[in-house]
Amino acid sequence: MPNVPSPETDAGRRRLLLAFAAGAASALPWPALALPGVAGAPADPRADWRWLIGSWNVRHRRLKERLAGSDEWESFGGRSAVWSTLDGLGTIDDNEMELPGGAYHGLGIRTFDPATRQWAIWWLDARNPTRIEPPVRGGFAGEGGTFFGRDTLRGKPILMRFQWHDIHGPRPWWEQAFSNDDGGSWEVNWRNWFTRTDPEPAPLPRRPQAPDDWSFLVGRWRVAHRRRPRLSLADHWDEFDGTLHNWPVLGGFGNIGDNLMRMPAGDVRGMGIRALDPASGEWSSWWLDGRMPDRIGAPVRGGFRHGDGVFIGEEVIDGQAILSRVIWSRITPRSARWEQASSRDGGTSWNTDWISDFTRMA
């Protein structure tokens, strides 16, 4: 049944969502107190998702057709594994669902932005692994959390609402709703109920056809970094160390890297997010910089051949469009090298600006 707000709630919610729909989805300065259903935020946001870390069985109930006047629901099971990242200011949520038409995998990516005191939540659908969907944003109060975002459905704009309930109880549950009238009414289309199976997360089962491309990187690593400014020919390189924890997701068709880099100016954290498109055989690799947690950078794309991996993408630096290239090489069971280079001339020449050497810890 659609969740219809009360008249008092509806007016404030409509004003908020009209502002959101007008074009500020990625930067709307919602303080936590202004979010519908959110009365405040904990002093330490690292506690916000602590209750969800671990492994879970999940019972799903989903509306078959969304915003189509349907009242036909389908139920199915699933599993979820949730890791903390970015020193508690991020999480990764790997999901397997037993849809009536076959198994389905998806990945939730969450980060906290201290500037707005909001969480952003992105979704990567393994059926469309070249695209990370637009985020919802919001926060927690008491036993629940509320998050809003916008997307399109069948080519038309919609608003999205995610809500978590009973988060500290024995069976926390999640609800998704869509609106096609700027928040005037909502159609609830998905609910999940979670039952914990282990307080520690463990990778979900690997799919039989999953590739071995990134098997070398799974585990924990010490990293020695050398870096100079992008597009610079300076001889001076900063040297610093760091760590990486990498694990498989999406049934082996993706992997996540949680990184700590002890740069001269202070520690920096970031996440590498990778997913394979089986149709093209190409990997997409995104970077989420913990200093800019409200966005995910443009991906580099490519794959492995003759033992090395080469990935190329476009980005903008200081207003200039360039090509970026990442190479993985010198891969052994206990070591690997990562190199980043930039090109101003469409790939005719490359300037290496970052080299990282990996030594396995576990």
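1. Lining of the second largest pocket: by class, 17 residues are nonpolar, seven polar and nine charged. Keep in mind that this is a predicted model. The pocket's volume comes out at about 800 Å³. Its lining has 33 residues, and Arg-66, Tyr-104, Trp-123, Glu-133 and Gln-176 sit nearest the centre. Several strands give two or more residues to that lining, among them E1 (54-63), E3, E4 (102-113), E7 and E10 (187-198).

2. Now the barrel. Ten strands close up in the order E1-E2-E3-E4-E5-E6-E7-E8-E9-E10, with antiparallel pairing. On average, neighbouring strands of this sheet are turned by 25° against each other, direction ignored. For a look at one pair, take E6 (residues 136-141) and E7 (residues 144-153): they run antiparallel and are joined by six bridges. Gly-138, for instance, has Phe-147 in E7 as its bridge partner.

3. Ile-92 is worth a click. You'll find Ile-92 in strand E3 (residues 90-99). Ile-92 counts as buried because its relative accessible area is 0%, against a cut-off of under 20%. Leaving out residues up to four places away in sequence, its contacts include Trp-83, Leu-107, Ile-109, Trp-247, Ile-256 and Met-271. Asp-258 is 166 residues from Ile-92 along the chain, yet their C-alpha atoms are 9.8 Å apart.

4. Last, the largest pocket, with a volume of about 1,100 Å³. Of its 43 lining residues, Arg-230, Trp-287, Trp-338, Gln-340 and Trp-354 are the closest to the centre. Strand E17 (residues 308-317) gives the most to this lining, namely six residues. By class, the lining splits into 23 nonpolar, ten polar and ten charged residues.

Notes. Residues are numbered from 1 along each chain as its sequence is written. This is a predicted model: local features need pLDDT of at least 70, side-chain atom pairs count only at pLDDT 80 or more; totals for chains, interfaces and linings use all residues. Side-chain values use heavy atoms; hydrogens and water are left out. Helices (H or I, at least four residues) and strands (E, at least two) are DSSP runs, numbered from the N terminus. Buried means under 20% relative accessible area, exposed over 50%, partly exposed in between (1.4 Å probe, protein chains only). Contact means heavy atoms within 4.5 Å. Two strands pair if DSSP finds at least two bridges between them. Axes are lines fitted to C-alpha atoms, for helices over the stretch in contact, and angles run from 0 to 180 degrees between N-to-C directions. On a 1 Å grid over the protein atoms alone, a cavity is a set of points where a 1.4 Å probe fits but cannot get out, and a pocket is an open set with protein on both sides within 12 Å along at least five of seven lines; lining residues have an atom within 4 Å of a point. Grid points are joined across faces, edges and corners, and a volume is the space filled by probe spheres set on the points. Ala, Val, Leu, Ile, Met, Phe, Trp, Tyr, Cys and Pro count as nonpolar, Asp, Glu, Lys and Arg as charged, and the others, Gly among them, as polar.
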